Amino acid sequence: MDMALPIVNATTAVLARVSAAFNAPLARAVVFGVHIDGHLVVEGLLIAVIVFQLSRKSYKPPKKPLSEKEVDELCDEWEPEPLCPPIKEGARIEAPIVGSAAGPHTTIDGKEVVNFASANYLGLIGNEKITDSCVGSLEKYGVGSCGPRGFYGTIDVHLDCEAKIANFLGTPDSILYSYGISTIFSVIPAFCKKGDIIVADEGVHWAVQNGLYLSRSTVVYFKHNDMASLASTLEKLTRRNKRTENIRRYIVVESIYQNSGQIAPLDEIIKLKEKYRFRVILEESHSFGVLGKSGRGLAEQYGVPIDKIDIITAGMGNALATDGGFCTGSARVVDHQRLSSAGYVFSASLPPYLATAAVSAVNYLEENPSVLANLRSNVALLHKGLSGTPGLEISSHLLSPIVFLKLKKSSGSLTTDLDLLETIADQALKEDSVFVVASKRSTLDRCKLPVGIRLFVSAGHTESDISKVCSSLKRISASVLSDHV
């Protein structure tokens, strides 16, 4: 009892102090001119506790495990999300199936047609010498290489082909790729990285667009084939901007644009490149073996020294009528790709017989330069024959083997324009056995140029072939586009 008495007294003293603290002192406290009573402190503490409790996650007792019947019912009701969005009505692509070599004349659904849908510019598909060289290569090496170039996939014909292309173009070295379209979108990210600046034509095709995307560089587009727009863009990027002096800068263009048939004015581009100190990446899939006195491409066409162009790429599936692609330039440019270009490092190397075909095709071009005159004559003849086509106009360059017909009067809707153009192409095939194609674009393609009918001219086409396609398109377009003329 004697020990309990001090504890009781101490407790009483503490309570008295707390009571005094909440009553007397605070009753006289003034904060920012406001009198604060003791009960306000208590109420404030209570509100804080209530807010804390309300913000806590509510307690939920664990659920009982589902029975097998309930699990089965849930599984039956579950509908997974589709891997891709549904295909809209009318969006399916039902391409004609070719039943023979895609030469100037081919077979579709058992019927012979005049073929203006294949980029067989020099007419080398089915060439006897090239075919024989491929047969010899198949007998010696087999079909595939079964390995990337850096891992036992390099065969002597690959080195022969690289040397042949470099010697033909007059460059120090070149490098082969297994797939034509992968060449440009492997080369761009091999050199262009995050933080670099790329100035590109707004009309570049999807493969170039993909390379720009993969590079993660800052991409600025200029108006299609408009040198004033290019000059203005370069000026804005470099004027009073010291930061751009210390980063890599590139201009990316196509020699012949797949989406328009226009030809890039290389002489002006090189002047702007040197003025603003940019590097040039030139995509020559549709000009290699076509432009220039001897088919050496855009540099020969404009008389520009080849070493003025930093990087040149091209697919070999057009003029050379084989497959794969190449990049050519200085030894440093080529060597860098052998360790840094994804399409070269990780893909199985080009099948040996295709490399042999490319060498044979270049040899043919060197031995038969007259084939270029035949091609240009056919292009000029087609331009003349298609002039005045009702509702359509030619937008491509006179030297381009891609003759591009676009609507004179657009409907304002890309889908409607494509429907009209595809109707013309379908009727030409069904009624006149003329095979042409509209320039379809995937949802991934960000090109904003007008769509059109794309005709690929070959040196193997005859005057009667050209006359037939001209008369067919004029007759059908007059019918289909009667409301748009």
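What percentage of the 485 residues of the protein chain count as buried? The share is 45%, where buried means under 20% relative accessible area, exposed over 50%, and partly exposed in between, with a 1.4 Å probe and protein chains only. The structure is a predicted model, in which local features need pLDDT of at least 70 and side-chain atom pairs count only at pLDDT 80 or more, while totals for chains, interfaces and linings use all residues. Residues are numbered from 1 along each chain as its sequence is written, and side-chain values use heavy atoms, with hydrogens and water left out.

The secondary structure of the protein chain comprises 17 helices and 16 strands; helices (H or I, at least four residues) and strands (E, at least two) are DSSP runs numbered from the N terminus. Among contacts (heavy atoms within 4.5 Å) between residues at least 6 apart in sequence, 68% join residues at least 24 apart.

Consider now helix H16, which covers residues 414-432. Its 19 residues reach 26 Å from the first C-alpha to the last, close to the expected 27 Å; the expected span is 1.5 Å times one less than the number of residues. The buried residues of H16 are Asp417, Leu418, Leu420, Leu421, Ile424, Ala425, Ala428, Leu429 and Asp432. Seen down the axis of H16, these buried residues fall within an arc of 170°, so they line one face of the helix; the arc is that of the directions from the helix axis to the C-beta atoms. The face turned away from the buried side of H16 carries the exposed residues Thr415 and Lys430.

After H16 comes Ser433, whose phi is positive, near 60°. Strand S14 (434-435) belongs to an open sheet of 3 strands in the order S3-S4-S14, with mixed pairing. Strands S3 (105-108) and S14 stand at the edges, each with a single partner strand, so one side of each has no neighbour in the sheet. Strand S4 (residues 111-115) pairs with S14 in the parallel sense over 2 bridges; two strands pair if DSSP finds at least two bridges between them. Within S14, Phe435 is the bridge partner of Asn115.

Thr233 is found in helix H9 (residues 227-238) and is buried, with a relative accessible area of 11%. Leaving aside residues up to four places away in sequence, Thr233 touches Val199, Val220 and Phe222. Thr233 and Val199 are 34 residues apart in sequence, yet 7.8 Å apart in space, C-alpha to C-alpha.
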